[in-house]
Structures are given as structure tokens and as C-alpha cells.
Amino acid sequence: MTEPKADRRLLPRSMAARVVILSSLLAVLALLAIGSLVTTIYQGESRASFDRLLVAHRYNLIAAVGLDPDGSLTGEPQFGDLRYEDTGSGWYWEVSPVDTAPSSDDAQLRSVQLDADVPVPSAQSAPFNDFFERIYTGAGPDGRLVRIAEAELQLGEQGTPYRFRIMGNETAFRAGVASFRRQLFGWLALLGIVLVTINAAAIRFGLRPLNRVRLALQSVRSGQTRRLVGDFPPEIGPLTTEVNALIDANHDIVERARTQVGNLAHSLKTPLSVLTNEADAIDEPHGRLVAEQAAAMRLQIDHYLQRARIAAQRAALGQRTELKPVTDRLVRVMRKIAPDKIVRSDVDEDLVFAGDKHDVEEMLGNLLENAAKWSRSKFSLSGQMAERNGRAVVILTVDDDGPGIPQDQAERAMKRGQRLDETVPGTGLGLSIVSDTAAEYGGQLQLERADMGGLRARLILPAAPFSAPQQK
């Protein structure tokens, strides 16, 4: 199944990045939930403690206030809290009649700093309990909020109802809760950063064996090793075992394909040889026609067997050939074949072809043989590493000072059986074999005009990583 498009848009392709993002998101959500829960619990407990303090002070107020013989309120409450004496603290107390408005200051008692009346809500908006007690929040005299613990009691022989109220600074209480919330979420944010950092480091450390598997596969692919080698954890061990089994099976399939191709070639060569020999005994023109068709069959069979062999080799993992020894040997052979011509070679030491040694020998051999045949006095071979379309390639260039090939005939020269000069012996397959073999490897053969005046054959092949010899 293909991955949903939404997942591809929202999440990166890296598995480590996905795990880090998702686990970090879960950690952040968990910390937010913890912060909200702790804040709610703290606010509830603080509210209950605040209300209990107000109620305790209200009982103290009730106990300290009474009526004198003439019906006036008397008493001096002692709360043991200096905030009731501090102007602007937001803490007040008050005792006043419930049903009648006071006719003078003697009709009520209040703290010194309470210089204005505090509104009394209706019983509907702030209901009493069964003991005529209630706690509510209202507007204080200086514009700040106050928390009020109120009770109504009857005093004196006539049972006149009086309102006892203790007021605490609600604005300061809420500011304290908000300060706690800010500090809590600040520390949780710091904890979240630490947790995300540790989590990312732990995940990257935990996924390091996968990177070792990738490097091991890269070594197999480049031909530096034949199998996955390394000390892998138990979670990845079965995977590496299966991959090694797959690599072994791949090599077995390639070897069987090579064997079958070789058997097919041998089985066809004998009948073709018989046809060719029998054609010599047949009178012209029939004998010549049979010989020509047998030779064409041989060329076609060799061509397609060669392509099948190359395809089988490309399917095998780890094909690599260091080019410097190959080119040095071919140049030595060319100097013996053409002792009257100058042969120059300039090939970098670290060139490695990602393919079979015999194939690159055949391609270079055809190009060098062609240069030796057509050059007047000299030809050369050079090689260097380059980059084409984002991948590393090896560029091998063979130049000669011969007549060259016109640009409009270069493509025709690389077709099978095409000979631009029938007076020179040959089959017309040299450049075709080079071009087809290079194409099987994803490479290319280019024919251009050389600086020395003749043909420049540029062979572009895939490169493999160079393995420098280790110092002992």
C-alpha cells in the first residue's frame, strides 16, 4: 500500500525525524496536561485554604463583637494579621445591621481602612447555606476584587440581625495563582526542552545500527565486501541474515545464468561451424550465401549472448574493477601490436568501474584497436572521474590522429555491422559492441573530433567508490 498523501505532507521521510517529532509532540501534550492538572489542583486547594482563613477570621469577628446596654455595637477584633491594619492591603472587616440602614457610625463597626461601603449581593445571586453563611466575590472600595465570607446573626435581647463580613484581597489571590501558573509552565517548558533533547539523542543513538546496516549495504553494492559484516543488535540480526541470504541467492542466480549462457554458446558454435565447413563444399553462389548467413547468425548469437551475459553481471551486487591496472596492461599490448606508433596513457589512479573487468577490457580493447588501426602516427588513452546528472562516472577517452569520422556519420558507425570503409578488414562490430555494452551499464559512447585531428571516442561508465590500500 502507498503511504497516504497527508502523511507525506505533514511528516518528513526520515524515520528518526518522525519518531522524534511524534514522541516530542506526545511529551509536550503530556506536559501541558500535567501543567493544567497541577494548576487546577493548586488553585482549588489555594481557594479552599483562602476561604477557610476568611471563615476562621469571621468566627473571630463574631466572638469579638457584641452590643452594649444602649444597643450600640462594641468590640475590638484581634485577628493576628497585620493586613487588616494596612491601608490598601485589600483586607477588611465589617459588622452592620441587616434590615435597617445605620443612622450613625455607632450603628456599625468596620476596619479603619475601609472607607466606603462594599455592595451586598442579593440572596439569589449569592445564596446562603442553612446556617445563614455564604462566601462570594465582589468589588472592593478601591476597585480591586475582594473575597467575602459573610454570616448573619441575631444580637441582643430583641434579636436584631447583624451582618458579619470578612473581606480578603481576591485580586492578590488571583495574581498569586497566575504567578504560580507562569512559574510552573516555565519550568515545564524547560523540562520539555530537556526531554525532547534527550529523546532525540536517545532515538538517534538507538537507530545507529540501522545506519551501520546502510553503510554495510553500500559496501556490498560498491563491491568492497560481499556480505553484510558487523555486530548488529538482536532486533536487526534477523534482517541482516535474510539480506545476506538474498545476496547469496543473487550470486547463485547470476552464476547459473552465466553457466547457461556459456552452454548455449558452445551448443550453437558447433552446428554453425559445421554449416560453415559444408558451405565451402557447395558450389557458388549457394555456398557463399550459406556461409554469409552462417556468419551473420554467428554474429547475432555472439551479440545477444554478450548482452545476456552483461545483464546477468549487472544484476549481481558488488561488481567493481579498478581501471589503472587494466589500462596499463592494454596500453602495453597496444605498444607491441603497433610498435611504429606513439601510444600515450594518462589514467588517474583512483578510477573504479562499477562493472565487470572483462567488459571494460573488451570495450577499451576495441577502442584502442580501432585507434591503432586508423591512426597515422600516434594515439592516446586518458581517464578521469566526473559527475553527470548527480552521479559519479568514469570518463575514458581514446584520441588518434587518423582521418576521423564525420559528425553526420558518427551515429551510423555505432550500429551493428556498419563499416564506413569497406577496404579495411573488419566486421563492423567494434564500435557497436562498445556502444551496446556501455548502454547495458547505463553508460554512453560518444564520437567526436579529437584535438590531434582524428577520432575522439569518449566512453562514459558508472563509477564505484575507490578503496585506498590500508597502511600496515
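This note comments on charged residues and their pairings in a predicted model.

1. Basis. Local features of this predicted model need pLDDT of at least 70 and side-chain atom pairs count only at pLDDT 80 or more, whereas totals for chains, interfaces and linings use all residues. Residues are numbered from 1 along each chain as its sequence is written, and side-chain values use heavy atoms, with hydrogens and water left out.

2. Salt bridges. The whole structure holds 16 salt bridges (a side-chain nitrogen of Lys or Arg within 4 Å of a carboxyl oxygen of Asp or Glu). In one of them, Arg47 and Glu170 meet at 2.5 Å, N to O. Arg47 belongs to helix α2 (residues 15-64) and Glu170 to helix α3 (residues 170-206), so this pair ties together parts 123 residues apart in sequence. Helices are DSSP runs of H or I with at least four residues, and strands are runs of E with at least two, numbered from the N terminus.

3. Burial. Arg47 counts as buried at 19% relative accessibility, and Glu170 is buried at 0% (buried means under 20% relative accessible area, exposed over 50%, partly exposed in between; 1.4 Å probe, protein chains only).

4. A further partner. Glu170 also forms a salt bridge with Arg174, with the closest N and O atoms 2.9 Å apart. The two residues are four apart in helix α3, about one helical turn. Arg174 is partly exposed, at 43%.

5. Arg58 forms a salt bridge with Glu133, the closest N and O atoms being 3.1 Å apart. Glu133 lies in strand β5 (residues 133-139), so the pair connects parts 75 residues apart in sequence. Arg58 is buried at 1%, as is Glu133 at 18%.
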